[in-house]
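Please examine the sequence and the model shown here.

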Amino acid sequence: MAQMNMKEAIRDAMRVELKNDPNVIVFGEDVGKVGGVFRATEGLQGEFGEERVFDTPLAESAIAGMAVGMGLQGFRPVAEIQFVGFIYEALDQMFVQAARMRYRSGGRYNSPIVFRTPFGGGVKAAELHTDSLEGLAIQTPGIKVIVPSNPYDAKGLLVSAIRDNDPVFFMEHLNLYHAFRQDVPEEAYTVEIGKANIVREGADVTIIAYGLMVHTAMKAAEELEKNGVKAEVIDLRTLLPLDIETIVASIQKTNRAIVVQEAQKTSGAAAEIIAQINEYAILHLEAPVLRVTGPDTVYPYAQIEDSWLPNVDRIVKAANQVINF
Amino acid sequence: MSKLPYEVHSEPVTPLSVLSPEGEVVNEAYMPNLTDDQLKEIMYRMVFTRTWDERAVNLGRQGRLGFYAPVSGQEASMVGSEYALNKDDFVCPGYRDMPQIVWHGLPLYQAFLYSRGHQHGGQIPEGVHVLMPQIIIGAQILHATGVAMAFKKKGEKRVAITYTGDGGSSEGDFYEGLNFAGAFKLPVIYVVQNNGYAITTPFAKQTAAQSIAHKALAAGVRGVQVDGMDVLAVIKAVSEAAERGRNGEGATLIEMITYRFRPHSMADDTSKYRTKDEEGEWSVKDPITRFAKFLEKKGLWTDEDTARVKEEAKATVNEHIKKAEATDKMTVSGLIDSMFETTPAYLEAQKADFQ
């Protein structure tokens, strides 16, 4: 077992799948020789050659559209979109062409593609590098959405995504790439898409989060513990399909919940989760489910991003609000 | 104004014609190598396609077809370009390009089902190498680029071909696709059927480029311009482009100068944006008339042949529209099951609302 940070685990997922399946292919801007701007594909071109790991010209729609075409001919493309904001250039190819291929062809064709992209705030990056655009993706029928929070899950989920016969939008939080190391098996293994993980057990309130916010929620849970509040923290891991069963089971125990996301408040993942809680668990609730999110503005320039993003204090406050309702 | 010494130059292009509008051979050197039977087969397909188009327009008026983009006038560019391919070459069509995918192997009743809004229209049979018609203008250009990349990586001697119109050549995906094909030297053919109008917007308002073929220069791929009303010129140009692709010489952009005799779609009115004079000028260039004259001179075709093919086409269309109409309707639960390989629980649960 090796110690890996999340970036290394992601690279290792691509490495084991490039090894396992000759149809797996990795491409995008700068992913070849240097291994991407974050080095998530570092060494892969050296190991597997330029035929299978290669740089493309700078055009996101063509990267995604080429993946769709290659997917029609038996390849399993892992296409990197260099930064999350650049998916806007590729939305038709990702969210229409790939996501609708199975439907439009009545199952004759499919798009076994992983669109990887770094996202997420707190790293003082340039504009449009750090937005949280998962809300756009979960409203798109036909594409799965995965947001890992740690190295072990990242590798297992990415292996699952590469093996999946439907398109997957795989979002990698920038602040998690080098955040910490974990034991990660060197061989291929999978983490099931659509299964959440209870990362802390508690009986008083459920905190639902994904990506980096899982760690912020864990810190908030520690703070709450100091006042005797036992928070249960759910790491969703996958936003679509959403593991509503795990959420409902937790709420049946805690009767209270808050949802934390970096994205803006309106619509999006948190809103959808609360709608589903209403649908499946309303009689178990003792308080309204609150959201801890960014405000409904554009993601800000770096100077104020730390104030913009959800933090421990805001999560603790929201948790106390639902507990004292 | 004189050219700057450091200015990029491009020369005007003359479209390739093999036949004059009177059906005379004007360019023997570019005559494709075809047997008499092949020449007759090409004529058969063009007449069939014209009749099918006429019938489809009427079926649309009767409410028996849904969205339909007429093709009359473009038979040479459509039928000819497909005829020049191998059956295992891959076709990525725009929405008007039904003839290419039907002649490439899609059963006609499925083309009708697509028009009628039925998912089975897109269930391309095994062994038929085409995509469903694309609605987003230009999106298919990138799919052909990816298919060509796959052929190249697998070392297969196959080409991908994709079609768009003069309007489509203004899309970002058009430029991105051309540029990728140049950079990766891909076996792909980009056909632009320049029929003069993007719905109603005339070509003059579409671009300031010297021609659409010239746009290939910027991407470093070969660009050619062809008389799209001359099926022999079309076949020559596409065969040559396919040959280049198979030989690893890269992509070709082919601009076919053509004209659609009918409106953009059944909801369009050409009298609002083109003149009768213009329509008259193009009607004398009719690709079927021109090719018929050529064949008649060779003793390969008569008016009786045309009449016979028309009857055959009408009967075939009739049979296939009936088959399309007899096909069971789509269901919401079937739709739900076509979203993912395995329907996730949340979607499975949604079926209950539609039973």
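Between chain B and chain A there are 17 residue pairs in polar contact, with both residues at pLDDT 80 or more; a polar contact is a pair of N or O atoms within 3.5 Å, where within protein one atom must be able to donate a hydrogen and the other to accept it, and residues adjacent in sequence count only if both atoms are side-chain atoms. On the side of chain B that touches chain A, the elements giving two or more residues are helix 5 (139-154) and helix 6 (172-184) of chain B. Helices (H or I, at least four residues) and strands (E, at least two) are DSSP runs numbered from the N terminus. Helix 5 of chain B gives the most to this side, with 10 residues. By class, the side of chain B that touches chain A has 23 nonpolar, nine polar and seven charged residues; here Ala, Val, Leu, Ile, Met, Phe, Trp, Tyr, Cys and Pro count as nonpolar, Asp, Glu, Lys and Arg as charged, and the others, Gly among them, as polar.

This is a predicted model, in which local features need pLDDT of at least 70 and side-chain atom pairs count only at pLDDT 80 or more, while totals for chains, interfaces and linings use all residues. Residues are numbered from 1 along each chain as its sequence is written, chains are lettered from A and ligands numbered from 1 in the order in which they are written, and side-chain values use heavy atoms, with hydrogens and water left out.

The contact (heavy atoms within 4.5 Å) takes 39 residues from chain B and 39 residues from chain A. The size of an interface is often given as the accessible area lost when the parts come together. Chain B and chain A bury about 3,400 Å² between them, 63% of it on carbon and sulfur atoms; this buried area is the accessible area (1.4 Å probe) that two parts lose on being put together, summed over both. In chain B, the residues that lose the most area to chain A are B:K153, B:F180 and B:F340, together 19% of what that side buries. B:K153 also forms a salt bridge with A:E51, the closest N and O atoms being 3.4 Å apart. A salt bridge is a side-chain nitrogen of Lys or Arg within 4 Å of a carboxyl oxygen of Asp or Glu, and the rule finds one across the interface of chain B and chain A.

Chain A itself is assigned domain 1 (2-184) and domain 2 (197-323), with bounds that come from an automatic or database domain assignment. The contact takes 27 residues from domain 1 of chain A and 22 residues from domain 2 of chain A. These two domains of chain A bury about 2,000 Å² between them, 56% of it on carbon and sulfur atoms. In domain 1 of chain A, A:K124, A:I138 and A:V147 lose the most area to domain 2 of chain A, together 25% of what that side buries. Three salt bridges are counted between the two domains of chain A. The side chains of A:K124 and A:E305 meet in a salt bridge (3.8 Å, N to O).

Two backbone features of chain A remain. Most residues other than glycine have a negative phi, and most peptide bonds are trans. The peptide bond from A:L240 to A:P241 is cis, with omega near 0°, and A:P241 lies in the loop between strand 12 (238-240) and helix 9 (244-254) of chain A. A:L128 has a positive phi, near 65°.
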